[in-house]
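Subject: Structure handover

Hello,

The structure we spoke about is below. My notes on it follow.

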Amino acid sequence: MKHHPSDETLFRFASGSLESGPRIVVGVHVGGCTACAARISEFEAVGGALLSGIEPEEMGEDALDRLVARIEADSDSSGEAALRSRPTRADVGIRLPEALDGCGIGPWRWIGPGVRWSRVTIPEDASANVMLLKVAAGRRLPEHTHSGCEYTQVLKGSFYDARGRYGPGDLDEADDEIQHQPVVDETGECICLAALEGRMRLRGFFGRLVQPFIGG
Amino acid sequence: MTMRADAGTLSPEEAIRLISAVAKGRDRAAFAALFGFYAPRLKAFMMRSGMTASAAEDVAQETMLLVWKKASYFDPRRAGVSTWIFTIARNVRIDRLRRESRPATVARAFDPSDEVDGPVSGEAAVMTAEREERVRSAIAMLSSEQAQILRLSFFGDKPQSEIAGELGIPLGTVKSRVRLALGRLRLILDDLK
């Protein structure tokens with residue numbers, strides 16, 4: 001594993017300010033990378049230190065009593081058990097990382113020669129832009145830029161661009177200054193989990209991705 | 001039940017003792033002591049990240065409710081009590097922000113990372129305590145400007161543009177200062193290992 005999220009990204013993951021799409025992609029990386037997991041523990045400990053060191057704000061007078069009343073009411077009821085319906089998960093041909101367990105996985109859809117995508121839905125945030133991308137061996141992705149940061153975690157196979165080669169477990173963090181044209185290695189297809197920062201950019205990204213194929 | 005008056009300090013060891021008392025004995029007095037220390041700090045933390053006082057108090061309450069419910073999941077090998085409670089509050093806050101933008105969402109109370117995984121070894125718990133101590137020293141070793149930018153970016157949702165306004169510096173400067181502060185934090189943390 002050679003490519004990791006930046007410290008800033010791990011810091012935002014730990015502080016909770018990373019958007020849910022990038023959060024899930026970084027979560028997949030961290031699930032398989034002990035170095036990044038350790039870094040996040042340290043940044044979370046920064047949160048713990050800030051919490052215990054902060055100047056306290058007085059709680060409402062009866063705050064504890066109200067909470068205890070809730071605890072008592074809660075133990076009377078027979079569990080909260082708000083069972084969530086299991087999301088639909090298409091078989092995408094590979095074993096998906098545990099961090100995606102609660103997510104819905106759409107079927108592969110063709111978006112161009114040798115390129116397919118599948119929509120990943122996060123139950124807590126249906127508007128997040130997360131997708132699986134499957135690109136055939138040797139296939140060159142159209143050159144693209146993006147207005148927010150793009151996070152791509154390699155699940156299978158590998159690709160390379162001017163910045164290096166990305167293999168399974170690697171996370172490519174490409175900010176808006178990077179203009180890249182990833183090429184999948186000849187040895188086999190490449191499957192990635194990708195998320196874009198920002199809500200409404202999926203269309204723009206896919207627009208650019210698909211455009212060369214549809215001759216627009 | 002009354003609130004403890006001396007909620008000004010709580011040592012990491014005492015916090016661990018209180019959490020296990022809550023986990024094992026459902027000890028209300030221990031919970032009240034935890035509440036007395038953490039609830040007002042959680043409220044302050046949330047207010048610093050831009051919540052109103054009443055929303056911040058709600059998050060503090062919600063977090064402490066989860067502390068009560070999930071005390072048995074606390075694992076001193078993974079994190080100190082303050083860090084653990086911080087991560088719960090962070091998740092409560094994330095859920096809350098998502099619910100506000102999408103009302104039908106079912107709250108996800110916990111990360112899978114909060115699951116217990118086996119008996120606690122003393123050694124691992126000591127290593128965790130050392131990490132937390134290391135982080136505290138590292139923060140203390142940052143320049144006051146670096147500590148401030150770190151604090152500001154940690155208190156969550158405040159966009160960097162707002163931080164820039166608050167400090168009276170350009171946005172690009174905030175970005176590079178955050179990067180520098182994190183770089184320095186990483187150096188110090190790795191040095192202290």
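What percentage of the 216 residues in chain A is made up of buried residues? The figure is 38%. Please keep in mind that this is a predicted model.

Chain A

Chain A contains five helices and 10 strands. Of the contacts in chain A between residues at least 6 apart in sequence, 67% link residues at least 24 apart.

Three of the strands in chain A form an open sheet with the order 7-6-9 and antiparallel pairing. Strand 7 (164-166) and strand 9 (183-184) of chain A are at the edges, and each has a single partner strand, so one side of each has no neighbour in the sheet. Strand 6 (residues 159-161) of chain A runs antiparallel to strand 7 of chain A, and three bridges join the two. Within strand 7 of chain A, Gly164(A) is the residue opposite Asp161(A).

Where the chains touch

Contact between the chains involves 36 residues of chain A and 47 residues of chain B. On the chain B side, the elements that contribute two or more residues are helix 2 (28-48), helix 3 (53-70), helix 4 (81-101), helix 5 (122-141), helix 6 (144-154) and helix 8 (171-192) of chain B. Helix 4 of chain B contributes the most, with 10 residues. By class, the side of chain B that touches chain A has 24 nonpolar, 16 charged and seven polar residues.

Inside chain B

Helix 6 and helix 8 of chain B also meet each other. Their axes come within 9 Å and cross at roughly 105°. An angle of 65 to 115 degrees counts as roughly perpendicular, so helix 6 of chain B is roughly perpendicular to helix 8 of chain B. From helix 6 of chain B, the residues involved are Gln146(B), Ile149(B), Leu150(B) and Ser153(B), and they meet Arg177(B), Val178(B), Ala181(B) and Arg184(B) in helix 8 of chain B. This contact has four nonpolar, two polar and two charged residues.

One residue of chain B has a backbone angle to look at. Arg26(B) lies in the loop between helix 1 (12-25) and helix 2 of chain B. Phi of Arg26(B) is near 45°, which is a positive value in a residue other than glycine. Is Arg26(B) buried, exposed or partly exposed? Arg26(B) has 14 C-beta neighbours inside 10 Å, and therefore counts as partly exposed.

Regards

How values were computed: Residues numbered from 1 in each chain as written. Chains lettered and ligands numbered in written order. Predicted model: local features only at pLDDT ≥ 70, side-chain atom pairs only at ≥ 80, totals over all residues. Helix = DSSP H or I, 4+ residues; strand = E, 2+ residues; numbered from the N terminus. Buried ≥ 20, exposed ≤ 12 C-beta atoms within 10 Å, placed from the backbone. Contact = placed C-beta atoms within 7 Å. Pairing = 2+ DSSP bridges. Nonpolar A, V, L, I, M, F, W, Y, C, P; charged D, E, K, R; others polar. Axes fitted to C-alpha atoms, helices over the stretch in contact; angles between N-to-C directions. Parallel < 35°, antiparallel > 145°, perpendicular 65-115°, else oblique.
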